[in-house]
Each structure stands twice: as C-alpha cells, then as structure tokens.
Amino acid sequence: MDTVQQLHDISDSDVAAWHDVLAASVARDLPGEPMPTLDHVHGDLTTPGLDSRDLRWTVRTGDVLTGVARLRLFDGPGRDHLGQVTIDVHPDHRRRGVGSRLLETVAEAARRERRRSLVVEASSDTPGAAFLEAKGFACVLSLSLLLLDVREVTGITEIVHAEHPGYHLTRWLGVVPDELADTFATAKSAMGDMPAGDMDTTTTWDADRVRDMAEVVEKRGDTLLTVGALHGGTIAGFTELVIPVGDGTRAIQSDTAVVPEHRGNGLGLWVKAAMLEWLRAEWPAVEEIETDNAEDNEHMLAVNERLGFRPLRKTRQYHYEL
C-alpha cells in the first residue's frame, strides 16, 4: 500500500532516499547526464529558494521510497499566486499511481495556500512530459537546452579584448559589491522583457534581493560567478554562472541580460566570453556549461551558438490553473 508523508525536518536518511529516487530517474530519463550528488540534494532540500518556502512529500510502497514531490510557494510580489512543482517517481515503480497520488497531494496543498496556478518543467519526450499533458497541464514555454564543451572553445581572447569604447569589464565572486548593488539590481530587472511565452510571473529586483539571491546560492554550497560590463559606474550588461557543489564538471548558466539602452553593442557576447576566460583560468575542473533559451529568443541563441553551444535537448514549461 502507498503511504504519502509530508517531510518537515530533513534528516540525512531523507536526503539519501530522495537522492536515490532522483539518481534513478536521471539515469533512466536523461542518460549521459551528470548524476545529482548527495551534497547537491542536501543543499537543495535544506535551503529555501529566494522569496519562497517549500513543502515536501514522499511516497513509500511498503518500506521502499518510490516517489518524491516538492511544492515551492513564492512569497514575492508578482509571484505569490504561483506554486512550482517537482515530482519524481522511481522508474521501477511508475505507472502504478504514485505520481498521481503526489500530484493530487500537491494540488490540495496549493489550494489551501491560496495559490491560483501551478508551474512545472519537464524534458520533452520523457514520461514526465506525457504525464503532465495527460493531467491537463498546458505547455506555455518551449526551451532549447544547450551545452558547451569548455575545452573546445576557440577565439575567446579576441572577443574579450575587442574594444568596446566607453565600457569596461568587471567581475565578482558571490555577493555583489556594495557599490554596484543598486545598478546590478537595475540590470537584473532588464530581464523582464525577455521572451517568456505565456508564463504568468513577474520579478522585481532591488539591492537587497540581489544580495539575498547570492546568499541562497552560497548556503546551498554552490559557487556564483558574475561578469559585468560597466558604462561609467553603471552596469550595462552582465552574465552569471553557477558551479554546483559536487563533482564540479558541469556549470549552469544563470541570468544574462543587457540593459535596453546599451543593446546593439555586442555586450552579451563580450561578458559571456569574459566569463569563459575566467572560468578556464581559475576553475579548470569545469568541462561543460549548460544553458537554456526560449526558442523565440533569437538574439541570445545566436550569441550562444557563436560561443560554441550545441543543442542538447528540448524542455517545456507547463502551467495548470487551479
């Protein structure tokens, strides 16, 4: 018989069991992808995301943990109507109602929390995508997942040292320096006009929020790198990269944006090339960078292709009205 249990205090045994389900799911659904590490799962389960809190559940069939689910409840303005869902079922226990039980539990909890919508992401052509579509979730955004082999990139030095009159590069590790916090928040807000399909969400950035975001990354044990293009004392464009705790061979591209009045000057390519140069010099263990792009974001796709990113797979973001 299946037993659904909500987790409150996360123990080491909870982390280990959760990790086993995730690792088995990745191995079955995404062969060749890096396995999640225990450290990464621990950080993810025990450190809430920015402006949010998590509810978590497990399903056991007898004494075996067969599925896990998490509901992220956003608290910030513009997103406090949303719940973000992740559900994973061990491949050996699929098609037995475990996923459906978890989804019902998550939806009931979201309604109690007065959430209007659920959002969830799944890789195309996987059981997760088929499951969501069968449950009535609508695809609102299609993404291209791209991968860059850092060791094979050429021509970076020329891009980094090309002249950009009136601009110069800066970079920092972790939390933004105090003197740049306000202008960095303004630059982060420039992401508001990037293609986002029919996603029903908005994000507002200020100096405190950009600091808090970096501190969340640090608490999870990950490493956050940022490269910016400065115009005077103002950040005109930037890119962020996260090196997850664990084996450290694949980094994850985070946000990249150029402030509208500075677009058309090649700043996006410039800061991303500078990030690659920095990464190769000081984090040689990183072999790959993973990023995703909305399929209609033609400019950023062109930048990534210029650097050598190649298609890995497609993912979709789904939406469900409660």
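Does Gly248 count as buried or exposed, and what is its relative accessibility? Gly248 counts as buried, because its relative accessibility is 13%, and the cut-off for buried is under 20%. Keep in mind as you look around that this is a predicted model.

**The loop with Gly248**
- You can find Gly248 in the loop that sits between β9 (234-243) and β10 (250-258).
- Leaving aside residues up to four places away in sequence, Gly248 touches Ile243, Ala285 and Val286.
- Glu288 is 40 residues from Gly248 in sequence, yet the C-alpha to C-alpha distance between Gly248 and Glu288 is 9.5 Å.

**Helix α2 and its cover**
- Helix α2 spans residues 38-46, and its buried residues are Val41, Gly43 and Leu45.
- As a handy rule, an α-helix has 3.6 residues a turn, so residues three or four places apart point the same way.

- Glu215 has its place in helix α7.
- Glu215 counts as partly exposed because its relative accessibility is 35%, which lies between the cut-offs of 20% for buried and 50% for exposed.

Definitions and conventions
Residues numbered from 1 in each chain as written. Predicted model: local features only at pLDDT ≥ 70, side-chain atom pairs only at ≥ 80, totals over all residues. Heavy atoms only, no water. Buried < 20%, exposed > 50% of the residue type's maximum accessible area, 1.4 Å probe, protein only. Helix = DSSP H or I, 4+ residues; strand = E, 2+ residues; numbered from the N terminus. Contact = heavy atoms within 4.5 Å.
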